[in-house]
Amino acid sequence: MALDKPYNDIPGTTIFDADQSRLGYHLNQFCMSLMKAENRARFKADERAYLDEWPMTEEQKLAVLARDLNRCIAAGGNIYFLAKIGATDSKSFQQMAGSMTGMTEEEYRDMMIKGGRSIEGNRYLGEDGDAQPHRQPQGKAGQKGGN
Amino acid sequence: MAKITASVYSSHVPAIGAAIDLGKTEEAYWKPVFDGFAPTRQWEKENPPDVVFLVFNDHATAFSLEMIPTFAIGTAAEFQPADEGWGPRPVPKVYGHPELAAHIAQSVIQDDFDLTIVNKMDVDHGLTVPMNLMFGSPEAWPCPVIPFAVNVVQYPVPSGRRCFNLGKAIRRAIDSFDKPLNVQIWGTGGMSHQLQGPRAGLINAEWDNAFLDRLINDPEGLAGMSHMEYVREAGSEGIELVMWLIARGAMDDVNGGKAPTVRHRFYHVPASNTAVGHLVLDNT
């Protein structure tokens with residue numbers, strides 16, 4: 001029997017369950033390796049070579065190289081693990097979280113100062129809140145070079 | 001005999017730790033957060049615990065995906081502040097209380113909660129940020145700490161009911177420890193926040209404040225809240241709030257005693273991506 005996933009109707013949200021964990025095992029363990037200063041240095045010196053030491057999928061490696069955290073999460077990444085990449089890049093958790101919304105850093109920071117993203121319209125898929133699929137990307141960063 | 005004198009609840013946002021470490025606590029953005037904990041820092045000075053039993057979650061620091069214990073009790077003599085990727089936080093080493101921790105493990109496991117016993121563990125911001133918020137930034141922490149890590153990283157996390165009942169078992173264990181220790185139990189994490197995907201930045205102040213009300217007045221009912229309500233209403237990382245129910249389950253009123261006194265309550269948005277909530281409930 002497949003896992004029961006009552007959380008699949010929440011917009012803009014991926015729950016890190018056993019299926020995601022299995023999919024992302026090597027990606028997340030790669031992230032974990034960045035907890036060591038010498039590994040951070042080796043990764044920074046040659047990212048692709050360092051990634052090639054891990055049995056990750058090509059999509060996972062490309063998502064890391066692109067620093068596309070939504071893509072990383074779709075490939076099984078978990079944000080607490082992915083945060084180690086951000087730390088290696090000297091990014092704050094706010095910069096990382098914001099990068100997944102399509103907003104610029106400033107737009108996202110302003111949203112938080114004004115009380116954060118509203119829950120209204122963002123509880124269930126099919127509503128009309130700003131986290132719904134038909135309203136992406138949300139900000140100027142996501143529209144850069146877009147059409 | 002040992003006794004749980006109070007429970008303390010608090011968010012453990014990593015950016016709060018960074019603000020402390022970088023000397024930003026007086027800046028306009030951060031000052032309201034730190035001011036909100038000032039009455040508790042004073043109260044902790046006047047009512048110092050002998051031991052803190054600190055419920056927190058590890059954020060892919062001590063536990064990778066190699067092992068994911070649902071409940072892990074730190075029984076070591078000391079715990080190092082972890083390097084989470086930015087270098088270790090410049091905070092004092094955390095000293096444990098191996099004797100009480102071993103007693104709690106023995107009692108709680110025989111009470112049907114299968115704890116993982118951990119004799120080596122670095123502790124991350126989930127533990128050290130609440131220490132700073134309650135004790136400031138001393139040269140050495142004022143008391144030993146028993147770290148108690150809960151899995152809230154990989155779904156499913158333990159239910160609120162399970163956490164609440166575990167708190168009761170921890171209470172029974174502490175009650176039966178044969179030394180006159182004043183023990184505080186802290187529940188950390190939350191409140192509403194989501195760190196991932198297009199819904200990142202979610203805050204639900206109305207829900208958070210209702211949670212605080214119910215934690216004070218209706219903990220038994222609150223323990224029945226489903227995982228889905230936490231995730232849907234408080235964000236994918238808001239589910240950390242189940243940990244607060246462990247601390248609440250250890251209080252007098254849910255174990256046949258009288259209702260606690262609310263010493264302090266504080267709520268603030270934002271700290272980075274997160275709503276900061278804080279509560280002090282006193283049994284005395």
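Trainee: Why is Lys5(A) called partly exposed?

Mentor: Its relative accessible area is 25%. Buried means under 20%, exposed means over 50%, and partly exposed is in between (1.4 Å probe, protein chains only). Lys5(A) at 25% therefore counts as partly exposed. Before we go on, keep in mind that this is a predicted model, where local features need pLDDT of at least 70 and side-chain atom pairs count only at pLDDT 80 or more, while totals for chains, interfaces and linings use all residues. Residues are numbered from 1 along each chain as its sequence is written, chains are lettered from A and ligands numbered from 1 in the order in which they are written, and side-chain values use heavy atoms, with hydrogens and water left out.

Trainee: What makes the pair Asp19(A) and Lys5(A) a salt bridge?

Mentor: The term asks for a side-chain nitrogen of Lys or Arg within 4 Å of a carboxyl oxygen of Asp or Glu. Here the N to O distance is 2.8 Å, so the pair qualifies. Asp19(A) sits in helix α1 (residues 18–23) of chain A and Lys5(A) in the segment before that helix, 14 residues apart. Helices (H or I, at least four residues) and strands (E, at least two) are DSSP runs, numbered from the N terminus. Asp19(A) is partly exposed too, because its relative accessibility is 24%.

Trainee: What makes Lys5(A), Asp17(A), Asp19(A) and Arg22(A) one network?

Mentor: They are joined by salt bridges that share partners.

Trainee: Which residues of helix α1 of chain B are called buried?

Mentor: In this helix (residues 14–21), they are Ala15(B), Ile16(B), Gly17(B), Ala19(B) and Ile20(B). These buried residues pack against α2 (31–46), α4 (125–135), β9 (261–271) and β10 (274–282) of chain B, where contact means heavy atoms within 4.5 Å.

Trainee: What is the volume of the largest pocket?

Mentor: About 860 Å³. On a 1 Å grid over the protein atoms alone, a pocket is an open set of points with protein on both sides within 12 Å along at least five of seven lines, and lining residues have an atom within 4 Å of a point. Of its 34 lining residues, those closest to the centre are Ser92(A), Phe93(A), Pro14(B), Ala15(B) and Ala18(B).

Trainee: Which element gives the most to that lining?

Mentor: That is α1(B), with six residues. By class, the lining of the largest pocket has 15 nonpolar, 10 polar and nine charged residues.

Trainee: What is the volume of the second largest pocket?

Mentor: About 520 Å³. Met32(A), Thr61(B), Ala62(B), Phe63(B) and Ser64(B) are the closest to its centre among 19 lining residues.

Methods:
1 Å grid on protein atoms, 1.4 Å probe; cavity = no way out; pocket = protein on both sides within 12 Å on 5 of 7 lines; lining within 4 Å. Points joined across faces, edges and corners; volume = space filled by probe spheres on them. Nonpolar A, V, L, I, M, F, W, Y, C, P; charged D, E, K, R; others polar.
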